[in-house]
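Please look at the sequence and the structure below.

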Amino acid sequence: MLFLMDIWDSVRGFMVAGGDVLWLVAAVLFVMWVLMLERYWYLNWISPNEHKAIITSWDAREDSTSWYAHRIREAWLSQAKQNLNARMLFIKTLVAICPMIGLLGTVTGMISVFDVMAVHGTSNARMMAAGISMATMPTMAGMVAALSGVFFSTRLDAKMKISLEKLKDSMRHH
């Protein structure tokens, strides 16, 4: 329990030092990861059952070579692709926004530094350090959030493409 309290104090101290923009980075990061975990869950547990149902329906068809059958196949594949790619554009948008929010933190932190300089001059390094901290921490957090999002969303995208290709192959050979 004490260990969790220490972690919470460290996180809270980081968030306070980074300023309000850091909370926005954290909120975007949380939403991005919830959506990516949902997509992983869908890809690993829901879509295999949906793909089996599509393959079973395709195999049950008497006609699989006519123009009409090919349009049905394309429609089912298109629906499977749409289901796989649901929310991926939003996830990629959140990934792209993270560094921009970090840069917003840079700007607000530098404004704080300039305010201190205007009121107290350049002789008070301790007051300027708080603004510099508010300028650098959100930038770092935004970049780390974006990097984690890029890595995992790219991996997720690749797994979805493989899953769709396997479905296409299964429908081609049956």
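Is R12 buried, partly exposed or exposed? R12 has a relative accessible area of 42% and is therefore partly exposed; with a 1.4 Å probe and protein chains only, buried means under 20% relative accessible area, exposed means over 50%, and partly exposed lies in between.

This is a predicted model, in which local features need pLDDT of at least 70 and side-chain atom pairs count only at pLDDT 80 or more, while totals for chains, interfaces and linings use all residues. Residues are numbered from 1 along each chain as its sequence is written, and side-chain values use heavy atoms, with hydrogens and water left out.

Side chains of opposite charge can pair when their charged atoms come close. A salt bridge is defined here as a side-chain nitrogen of Lys or Arg within 4 Å of a carboxyl oxygen of Asp or Glu. Seven salt bridges are found in the whole structure.

One of them joins R12 to D9, with the closest N and O atoms 3.6 Å apart. Both residues belong to helix α1 (residues 2-18), where a spacing of three residues separates them by about one helical turn; a helix is a DSSP run of H or I with at least four residues, numbered from the N terminus. D9 is partly exposed, at 37% relative accessibility.

Another salt bridge pairs D157 with K92, at 2.6 Å from N to O. Because D157 lies in helix α5 (residues 125-173) and K92 in helix α4 (residues 88-120), the pair ties together parts that are 65 residues apart in sequence. D157 is buried, at 15%, whereas K92 is partly exposed, at 36%.

Finally, E38, R39 and R87 are linked in a network of salt bridges.

Key: Helix = DSSP H or I, 4+ residues; strand = E, 2+ residues; numbered from the N terminus.
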